[in-house]
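Please look over the sequence and the structure shown below before reading the briefing.

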Amino acid sequence: MTTPAGIDPEVPPSGTGCVECDAAGGWWFHLRRCAQCGHIGCCDSSPAKHATAHHRATGHPVVRSFEPGEGWFWNYETSEVYESGPELAPPLSHPADQPAPGPVGRVPANWADTLR
């Protein structure tokens, strides 16, 4: 089977949390993994929407959920969701003991009021 364009199954994730949120001391609701370069960014329900910002900055078209138990992919270029896709390099999600929203200690008490 040929791997679709925009997906590199050999590249590991960049870490266990949103790269930009971690650098800025921010928080996220859910995490997405760029299927091309492994960048971990926060979802569009998160305050900073770093996964979409990464797509816009790089043109990398596909993300995969980085949540435990989820394996779906999203294609920004076609606005299509795929329930499955090629197996990516591990780990396939953030650690199961890392809460969503996260990370511990940086999520405001009123976090649910901020979701779009």
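Ser-14 lies in the segment before α1, where helices (H or I, at least four residues) and strands (E, at least two) are DSSP runs, numbered from the N terminus. The model is a predicted one, in which local features need pLDDT of at least 70 and side-chain atom pairs count only at pLDDT 80 or more, while totals for chains, interfaces and linings use all residues. Residues are numbered from 1 along each chain as its sequence is written, and side-chain values use heavy atoms, with hydrogens and water left out.

**Ser-14 and its surroundings**

- Ser-14 is partly exposed, with a relative accessible area of 44%; buried means under 20% relative accessible area, exposed means over 50%, and partly exposed lies in between (1.4 Å probe, protein chains only).
- Although Ser-14 and His-39 are 25 residues apart along the chain, their C-alpha atoms are separated by 5.1 Å.
- Leaving aside neighbours within four places in sequence, Ser-14 is in contact with Val-19, Gly-38, His-39 and Ile-40, where contact means heavy atoms within 4.5 Å.
- The side chain of Ser-14 reaches the backbone nitrogen of Ile-40 at 2.9 Å.

**The sheet**

- Five strands form an open sheet in the order β2-β1-β3-β4-β5, with antiparallel pairing; two strands pair if DSSP finds at least two bridges between them.
- The edge strands are β2 (40-42) and β5 (80-82), each of which pairs on one side only.
- Neighbouring strands of this sheet are turned by 30 degrees against each other on average, with direction ignored; axes are lines fitted to C-alpha atoms, for helices over the stretch in contact, and angles run from 0 to 180 degrees between N-to-C directions.
- Strand β1 (residues 31-34) pairs with β3 in the antiparallel sense over three bridges, and the bridge partner of Cys-34 in β3 is Val-63.
- On the β4 side, three bridges join β3 to strand β4 (residues 73-75), again in an antiparallel arrangement, and Arg-64 stands opposite Phe-73 in β4.
- In a regular strand the side chains alternate between the two faces of the sheet. In β3 (residues 62-65), Val-62 and Arg-64 point one way and Val-63 and Ser-65 the other way, and all are buried.

**Asn-75 in strand β4**

- Asn-75 lies in strand β4 and is buried, with a relative accessible area of 12%.
- A polar atom of the side chain of Asn-75 lies 3.1 Å from the backbone nitrogen of Thr-78.
- Not counting residues up to four places away in sequence, Asn-75 touches Pro-61, Val-62, Glu-80 and Tyr-82.

**Helix α2 and Thr-52**

- Helix α2 (residues 50-58) lies across β1 and β2, and runs at about 120 degrees to β2.
- The buried residues of α2 are His-50, Ala-51, Thr-52, His-54 and His-55, and these pack against α1 (19-24), β1 and β2.
- Thr-52 is buried, with a relative accessible area of 7%, and its side chain makes polar contacts with the side chains of Asp-44 (2.7 Å) and Tyr-76 (3.3 Å).
- A polar contact is a pair of N or O atoms within 3.5 Å; within protein, one must be able to donate a hydrogen and the other to accept it, and residues adjacent in sequence count only if both atoms are side-chain atoms.
- Just after α2, Gly-59 takes a positive phi of about 80 degrees.

**Nonpolar cores**

- The largest nonpolar core has seven residues in all, namely Cys-18, Cys-21, Trp-28, Leu-31, Ile-40, Cys-42 and Phe-66; such a core is a set of buried Ala, Val, Leu, Ile, Met, Phe, Trp, Tyr and Cys residues joined through side-chain atoms within 4.5 Å.
- A second, separate core of five residues includes Ile-7, Val-62, Phe-73 and Leu-88.

**Cysteines**

- Cys-34 is buried, with a relative accessible area of 3%, whereas Cys-37 counts as partly exposed at 32% relative accessibility.
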